[in-house]
Amino acid sequence: MLNASKTTRSRSVLASLLAIPLTLANCGCGELVNGANLKVAVKYRPSTNEAPTGDASATPAAATEVATSEGVGILRGKVVYTGAFTPLAPLYEKGADVKDPAVCAAAAAPNESIEVKDGGLANAFIYLKKAPKGTSGAPAESSVIFDQKGCVFLPHALVVRVGQTVNVLNADSIAHNTHTNGKKNTSFNSIVSPNERMGVKLIYKQAEQDPISVVCDVHAWMKAYHLPIDHPYAAVSSENGTFEIKDLPAGKHEFKVWHESAGPSGGLLEKALVVTIKPGDNDLTINVSPSQLGK
Amino acid sequence: MCFAEFDVLALTVQMMFRVMSPISMSSATRLIFQCGAVCGCALLIAGCGKGPQAEFKLRDTTKDLIDAAEKAVKKTLDEGFGTPSELVAWERFPVNYGGVKGSVTSVGDDKSIVVKLDGDGGKVRKQAPILWLSGSLAGGKSAEAVVANYDSETNQIKLAPGGSHPEAGDRFVVGFGEDLALGRRVYMKNCLHCHGVTGDGAGPTAEFLNPRPRDYRSGEFKFTSTKKSEKATRDDLHRIVQYGIPGTYMPSFLLLGERETKSVVEYVRWLAIRGEFEKRLTAEMTSDFSESSIVDTVKKATAAYKEKLKNNEKDAEKPPSVAVATKTAAGEFKKYSQEDLPAAIEETANLLAEFWTRAEDPETVLVPSVPRVEDTPESRERGRLLYLSDNTKCYTCHGMTGRGDGSSTEDFWKDPFTNQFYEKRGLHDIWGNPLKPRNLTLGQYRGGRRPIDLFRRLYVGIKATPMPAFGGGKITDEQLWDIVNYVMSLPYSTRQPSSEAAPKGHVAKLDDKPAH
């Protein structure tokens, strides 16, 4: 009996001891220091940007040395693949067991991640890092075409001006869904009906720093790259690696060179390739080694 | 807030149960018990200590920038949006921060002013502070005035003693920021557990939830009434807060007062603007000023250099080390921050103000060109054939029978931003979260179950997901209504999947990663 009552008493003592951490735990210990209950200050900031951010007061330094009076030049170049190249195996063969085989596997799907012909690397983007100040360059053509045929995007790499209409077409007898993945542009994700020849209109509103990917959410292998840009000084290398950029103001320019296989999600082969353009014709060879493309 | 609490709680409860139970304690229990007692005492002695400081966290991509660039982004955000305890209400953005604007018509001698208010005088509360927008008192040069009384009939505000002496013509705002402050309080109480202080969808409970809470920082919301590529409206967010999202952890907050709901909607819009501001500004600098891009460039240059050495080329030039390259980048950033950054900040602010203003334009809301096509067996049949056709390919994701088990759920997809395969098969949203196409046989629709909600999901798609926009092209609005009628009949349908009109569905083999 004595033992039992002692146990009971000690139990009640212990229970009350234990209740303390329980209460503590309940009392909101560890709440965010300036959490829901704190009175919060709201500071007014007018619309007009009076608070200097960055260093707005500083007068911008002169732009890249460009004197349009000195004339304009054409840059004709070639992106050269410096190694031996074995063409990549297609993504799948003709007649393969893929989605929508009647359309998609009517022909083998090319692996366009690296394409080399006559020693030239295709689908490299070459573009001015920044538009030279005081130049507007040639206006954008009214529209460009972006097609889909045999479950392959055509073209694979496309430069498009901000505000320019991209006519998204479909030559296949099945729907595709064209989906852009811009870093600054809101994504475009639209069904493109079978045999759509009028085109669904895609317009980029912002320039992107580098090319962005375009996919189809029906056919996982379909992929293309777009470079929405706010100046005309950009090109994509052709199937044998050549490219041409017209109307470049004479002077020193910095070019970026980008390829989809230069890094897991594409990457820059040149961050700021300095080229001096003289009036008239200019040549440029850009060497790309296999290692730069992960080969 | 902290999960340690729950552990303590669980342990305590368990031990109390043990103590009360008639069975005598085993030695193991006693040990646990003693530990508990010690912990309790330790807590008593040490006290709670401070909880974590609420802060707006930077994005990973911002943290990846070189120091100077990261600081510049942080500075811009602090100036534009403040901190969780001192919010900055940047008037540039179309957010209802709260308060009533007005101007002083005449000044009395007994600390009273006659005013003309731009908005509703019912919002002028006693003790509300007055912020001077123009005149000699503007710009924080004088102490804030406080409303002692407001007479709506004479439009007279009596100012509390002390404070400032305005002049006729001065612009002011009474109770500025009240709604944003209230929105923040409501948010901190109800929302941050899942959506996080920053609105990054990474609150403490987030990782236990599927689907994950929305990360507002891209400014994207899935279920909107607006056209393609447009933001969500206040009404859209209001509806989500009120009714929740069926089939997810987002509950209904119908019990919040109207003012609380409206305020928290403004706060969420504000967080979304803040988040997207950071995202866009950082994206502007990533290519030139991020640590990872510098490392990548050096790596590539080094590989090219080694190759040249191997080939005994003369023009081989040793590339700079990462440290040197970072220093060079910092030098370039200094120039960038003077020449380009102010313009980039301006442009980003303009853009976001434009987006969120346009969202409220009635023109932005998608209205079908024809009223709902009558729900008849014929309409449903037309809808069914469209659903199963190659014109829409609905079945590739939602399955032949609408169970959300189409072949896309078995495919391995690549993240379009990183070009790497996702770990899990099936579709994903732009945040990289696995995404199941809706099972249409359950009658549970996340974006709302009104026919117009389904119509809009079809017409504009579901933003930030692979669900594309079907409207505005070859598929007519009538046809979209047919699909709506068919889809809405699915939960009550006993129809078998077989159909002569159905194409042969391709189903990928499980665990069969494609070669490409």
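Predicted model: local features only at pLDDT ≥ 70, side-chain atom pairs only at ≥ 80, totals over all residues.

Residues are numbered from 1 along each chain as its sequence is written, chains are lettered from A and ligands numbered from 1 in the order in which they are written, and side-chain values use heavy atoms, with hydrogens and water left out.

**Stop 1: the largest cavity.** Select A:Thr186, A:Ser187, B:Lys228, B:Ser229 and B:Lys463; of the 25 lining residues, these are the closest to the centre of the largest cavity. (A cavity is a set of points on a 1 Å grid over the protein atoms alone where a 1.4 Å probe fits but cannot get out; lining residues have an atom within 4 Å of a point.) Its volume is about 230 Å³, counted as the space filled by probe spheres set on the points, which are joined across faces, edges and corners. Now colour β11 (189–192) of chain A and α11 (341–358) of chain B: each supplies at least two lining residues. (Helices are DSSP runs of H or I, at least four residues, and strands are runs of E, at least two, numbered from the N terminus.)

**Stop 2: the second largest cavity.** Here there is about 30 Å³ of space. Select its lining: A:Lys184, B:Arg280, B:Glu284, B:Glu347, B:Thr348 and B:Leu351. The biggest contributor is α11(B), with 3 residues.

**Stop 3: B:Arg280.** Stay with this arginine, which sits in helix α8 of chain B. Is B:Arg280 buried or exposed? It's buried, with a relative accessible area of 5% (buried means under 20%, with a 1.4 Å probe and protein chains only). Follow its side chain across to chain A, where it reaches the backbone oxygen of A:Lys184 at 2.6 Å. Beyond neighbours within four places in sequence, its contacts (heavy atoms within 4.5 Å) include A:Gln206 and B:Phe355.

**Stop 4: the nonpolar cores.** Pick B:Phe93, B:Trp270 and B:Phe333, which are among the members touching the most others in the largest nonpolar core, of 61 residues. (Such a core is a set of buried Ala, Val, Leu, Ile, Met, Phe, Trp, Tyr and Cys residues joined through side-chain atoms within 4.5 Å.) Its largest share, 12 residues, comes from α8(B). Apart from this core lies another, of 31 residues, including B:Leu386 and B:Tyr486.

Definitions and conventions
1 Å grid on protein atoms, 1.4 Å probe; cavity = no way out; pocket = protein on both sides within 12 Å on 5 of 7 lines; lining within 4 Å. Buried < 20%, exposed > 50% of the residue type's maximum accessible area, 1.4 Å probe, protein only. Polar contact = N/O pair within 3.5 Å; in protein donor to acceptor, adjacent residues only side chain to side chain.
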